[in-house]
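Please read the points below with the structure open beside you.

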Amino acid sequence: MRAITYFCKTVHFPDKPEKKRFFTRLQSGEWEPCTFQNIERLVDANTTFVDIGGWIGVTPYWAAQIADNVITVEPDPVCFGILKEMEPQNEGDVTLINAALSEDEVLVLNSVGGGFGSSETSALIADETGQAIKAKTITIAELQSMARTDKLCFKIDIEGYEYRSLAQFGDIDRARTAGVLLAVHPQILFASLSGPVIVRAFRTILATLGLVRSFNGFRLDNPQAIWTALKKSAARREFRGFDLLFVAKDGGR
């Protein structure tokens, strides 16, 4: 195991040579600093932190040192194996669930780059060199019923499938939830669509607006993230991903 300290907390990871560059960025504080700032803002000792898309444990085992408990959902079999390997070595109460967020009974997931273990495992697009599996599923309602506390905070990073989960987001308990950290991947939705480029781009923009509206009842804390992403997308002539923060209308406390 390799102990890595980032944003004042230490998490123990399996020593993976292929992640060396990423671990360097993580330890230097360069990787998604706003994510950890927002977790600290919204999560306390009375909170169940629900991490949908736990990847290799970067956020759930970090948040477990603040929260009452963490529920982590991860469908990628390789990433889930890493999460299990990390469990005995790290602090906090973390429940690991090998499933994908969906109201369907099963969900087909596609790997990237020839195999699973990447942060880019997606249900929307397939890589010709990749693999596919049928993942078990879980819903927001089921996750909320598992929560040990009255207060909730969600982090959702599901590689484009957020565009297919609007009904699920409507089920988030507005009275209990301090905030939702949502990773948005318009580039994945765009790649999954067919037709002329201009039509695909228009459909992607409309779908993104619909995604934001699905969080009715929360306040969008960082609307500037949308416009910044649009400017970058226009400059590079391709859609760029971005993160949104929805907070309870009382300010997240």
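**Notes on the model**

1. Ser-102 lies in the loop between β6 (100–101) and β7 (106–110), where strands (E, at least two residues) and helices (H or I, at least four) are DSSP runs numbered from the N terminus. This is a predicted model, in which local features need pLDDT of at least 70 and side-chain atom pairs count only at pLDDT 80 or more, while totals for chains, interfaces and linings use all residues. Residues are numbered from 1 along each chain as its sequence is written, and side-chain values use heavy atoms, with hydrogens and water left out.

2. Ser-102 is buried, at a relative accessible area of 3%; buried means under 20%, exposed over 50% and partly exposed in between, with a 1.4 Å probe and protein chains only. Beyond its neighbours within four places in sequence, Ser-102 is in contact (heavy atoms within 4.5 Å) with Leu-107, Thr-137, Ile-138, Thr-139, Tyr-161 and Gln-168.

3. The whole structure holds 14 aromatic pairs, a pair being rings of Phe, Tyr or Trp (its six-membered ring) with centres within 6.5 Å, stacked if the planes are under 30 degrees apart, edge-to-face if over 60 and tilted otherwise. The rings of Phe-22 and Phe-23 are tilted, because their planes stand at 50°, with centres 5.8 Å apart. Phe-22 is buried at 12% relative accessible area, and Phe-23 is buried at 1%.

4. Phe-215 and Phe-246 form a stacked pair, because their planes meet at 15°, with ring centres 4.2 Å apart. Since Phe-215 lies in the loop between α8 (197–213) and β11 (218–220) and Phe-246 in strand β12 (residues 242–248), the pair ties together parts that are 31 residues apart in sequence. Phe-215 counts as buried at 2% relative accessibility, and Phe-246 counts as buried at 2%.

5. One aromatic cluster is formed by Tyr-6, Phe-7, Phe-13, Phe-22, Phe-23, Trp-31, Phe-36, Trp-55 and Trp-62. Lys-9 lies over the face of Trp-62, at 4.8 Å from the ring centre; a charge sits over a ring if NZ of Lys or CZ of Arg is within 6 Å of the ring centre and within 35 degrees of the ring normal. The charged end of Arg-200 sits over the ring of Phe-190, 4.1 Å from its centre.

6. The protein chain has nine helices and twelve strands. Of its 253 residues, 51% count as buried, and residues 24 or more positions apart account for 66% of the contacts with a separation of 6 or more.
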